Amino acid sequence: MASTPSAERVASDGSPYPDRSRPSFEHDVRAMFTHIAVRYDWFDHLASVGNDFLWRPRALWDLDRFHAGAPRRRILDIGCGTGDLTVLASRRFPQAEVVGADFTAAMVERAEARTVRDANRPRVRYARASAMHLPFRSGSFDIAMSAFVARNLPSLPDAFHELRRVLAPTGTLLTLEITEPPSPLVGGLFHAHFDRVVPWLGAAVHSAGPYRYLPESLKFLPKHDEMLALLHRVGFDRVISRRQSMGIVTAYLAGAAAPGPAPRHR
Ligand SMILES: C[S@@+](CC[C@H](N)C(=O)[O-])C[C@H]1O[C@@H](n2cnc3c(N)ncnc32)[C@H](O)[C@@H]1O
């Protein structure tokens with residue numbers, strides 16, 4: 001059983017409440033995901049009103065088209081959580097070996113448990129790893145992906161550099177995230193839900209800190225065009241986005257046409 005890291009910053013009910021401006025941010029994010037791991041899946045379905053069942057398969061469908069014609073032998077799902085996207089990717093790409101990696105032990109344990117009886121289990125492997133220091137050789141994956149992880153990272157450019165490093169010359173990066181919808185009307189409904197309903201629901205059925213952190217974490221993400229520009233800056237030369245649910249969620253797809261940069265962290 002994984003030990004529970006105690007958060008340095010907590011909400012009034014004692015639950016972890018990460019604050020990006022504090023040095024303990026990364027540690028507190030891990031404490032938060034350890035704290036919510038057991039109920040993560042069902043609260044995810046509840047908070048997204050079931051839409052999350054559509055978001056990941058649709059993003060993989062977009063990825064499949066974007067990556068057409070390129071090898072898909074090894075796939076990395078970073079921040080795999082309980083393994084939703086990892087398992088879906090193993091089904092979508094039946095020739096691939098899929099590695100799900102996450103820095104929260106409690107999440108990796110749940111991912112392992114849910115995959116144990118899956119027919120694709122022999123091609124799926126899980127590991128503890130931080131997106132900021134990936135323990136993989138440069139150029140070792142054809143596809144790297146993450147779902148709902150980007151807003152939790154201490155530095156998105158550094159994480160993208162690291163993901164770019166582990167991708168093969170023809171590799172593709174998929175980043176799926178909750179995003180600000182372009183329509184003000186949809187944006188109003190989106191903020192009412194994420195800024196008010198989700199934190200209230202989270203505190204009522206689980207704990208306060210993580211679900212107050214959720215809307216705060218979204219403010220950190222670069223806006224749509226800035227995200228595309230950032231992906232270009234870290235060395236991807238083919239970058240597109242595919243919005244879902246009127247822009248509440250966006251899949252960013254980035255293709256590398258040249259070998260990745262030298263490692264930045266070692
Ligand atoms: C919101 S959950 C998403 C899980 C999964 N990708 C999904 O689609 O349900 C975010 C996950 O990212 C992981 N995570 C956050 N920061 C990370 C980091 N720096 N390195 C690795 N994993 C990280 C957390 O432990 C958590 O499991």
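Modeller: Axes are lines fitted to C-alpha atoms, for helices over the stretch in contact, and angles run from 0 to 180 degrees between N-to-C directions. Helices (H or I, at least four residues) and strands (E, at least two) are DSSP runs, numbered from the N terminus. This is a predicted model, in which local features need pLDDT of at least 70, side-chain atom pairs count only at pLDDT 80 or more, and totals for chains, interfaces and linings use all residues. Residues are numbered from 1 along each chain as its sequence is written.

Colleague: Why are H3 and H4 called oblique to each other?

Modeller: The axes of H3 (residues 52-66) and H4 come within 10 Å and cross at roughly 45°. Angles under 35 degrees count as roughly parallel, over 145 as roughly antiparallel, 65 to 115 as roughly perpendicular and the rest as oblique. H3 and H4 are therefore oblique.

Colleague: Which residues of H3 and H4 make the contact?

Modeller: Two residues are in contact if their C-beta atoms, placed from the backbone, lie within 7 Å. H3 gives Arg56, Pro57, Leu60 and Asp64, and H4 gives Asp84, Leu85, Leu88, Ala89 and Arg92.

Colleague: What makes S1 and S2 a pair?

Modeller: Two strands pair if DSSP finds at least two bridges between them. S1 (residues 74-78) and S2 (residues 97-102) are joined by 5 bridges and run parallel. In S2, Ala101 is the bridge partner of Ile78.

Colleague: What is the strand order in the open sheet of 7 strands?

Modeller: The order is S3-S2-S1-S4-S5-S7-S6, with mixed pairing. S3 (124-128) and S6 (238-244) each have a single partner strand, so they stand at the edges.
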